[in-house]
Amino acid sequence: MADFFAVLDELVAGSAVVVDRRRGHPHPRFPGVNYPLDYGHLGGTRAGDGAEVDVFVGSADGRGVVGVLLTADPHKLDVELKVLLDCTPAEAELARRFCSDVLKIGGNLVERGASAHDR
């Protein structure tokens, strides 16, 4: 059975990371709410909602996929995962709190295990 995070590594490696909402820019549905990290998607991919796979991009260049956030949006009536790419532990927690506490869409953090992440 393929390791989930190894498959995500392949997906990220084969996709362009498109940042369309920079850190500090406002959320389109929530005026006054700004993104804590760069946010965008993996070009050419498809998520459960039919759009491209969402990604939060941190400042730790080269760390790769460090985890995912599991979200459930009652307004859009969908469930998604958001890839955490190049995030420090503090940035991963910031993204989790943004989804959970600010956007109210969950944001359960699934971190990549230390042994799987050591490359």
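**Stop one: the sheet**

Start with the six strands, which make an open, mixed sheet in the order β1-β2-β3-β5-β4-β6. Strands are DSSP E runs of at least two residues, helices are H or I runs of at least four, and both are numbered from the N terminus; two strands pair if DSSP finds at least two bridges between them. Select β1 (17–21) and β6 (106–111): these are the edges, each with a single partner strand, so one side of each has no neighbour in the sheet.

This is a predicted model, where local features need pLDDT of at least 70 and side-chain atom pairs count only at pLDDT 80 or more, while totals for chains, interfaces and linings use all residues. Residues are numbered from 1 along each chain as its sequence is written, and side-chain values use heavy atoms, leaving out hydrogens and water.

Now zoom in on β1 and β2 (residues 38–42), an antiparallel pair joined by four bridges. Pick Val17 and you'll find its bridge partner in β2, Leu42.

**Stop two: the core**

Next, show side chains for Phe56, Leu69, Leu84, Cys87, Ala95 and Phe98, the residues with the most contacts inside the largest nonpolar core, which has 15 residues. Such a core is a set of buried Ala, Val, Leu, Ile, Met, Phe, Trp, Tyr and Cys residues joined through side-chain atoms within 4.5 Å, with buried meaning under 20% relative accessible area (1.4 Å probe, protein chains only). Its largest share, four residues, comes from α2.

Then colour the second, separate core of twelve residues, including Val12, Ala47, Val53 and Val68.

Key. Buried means under 20% relative accessible area, exposed over 50%, partly exposed in between (1.4 Å probe, protein chains only).
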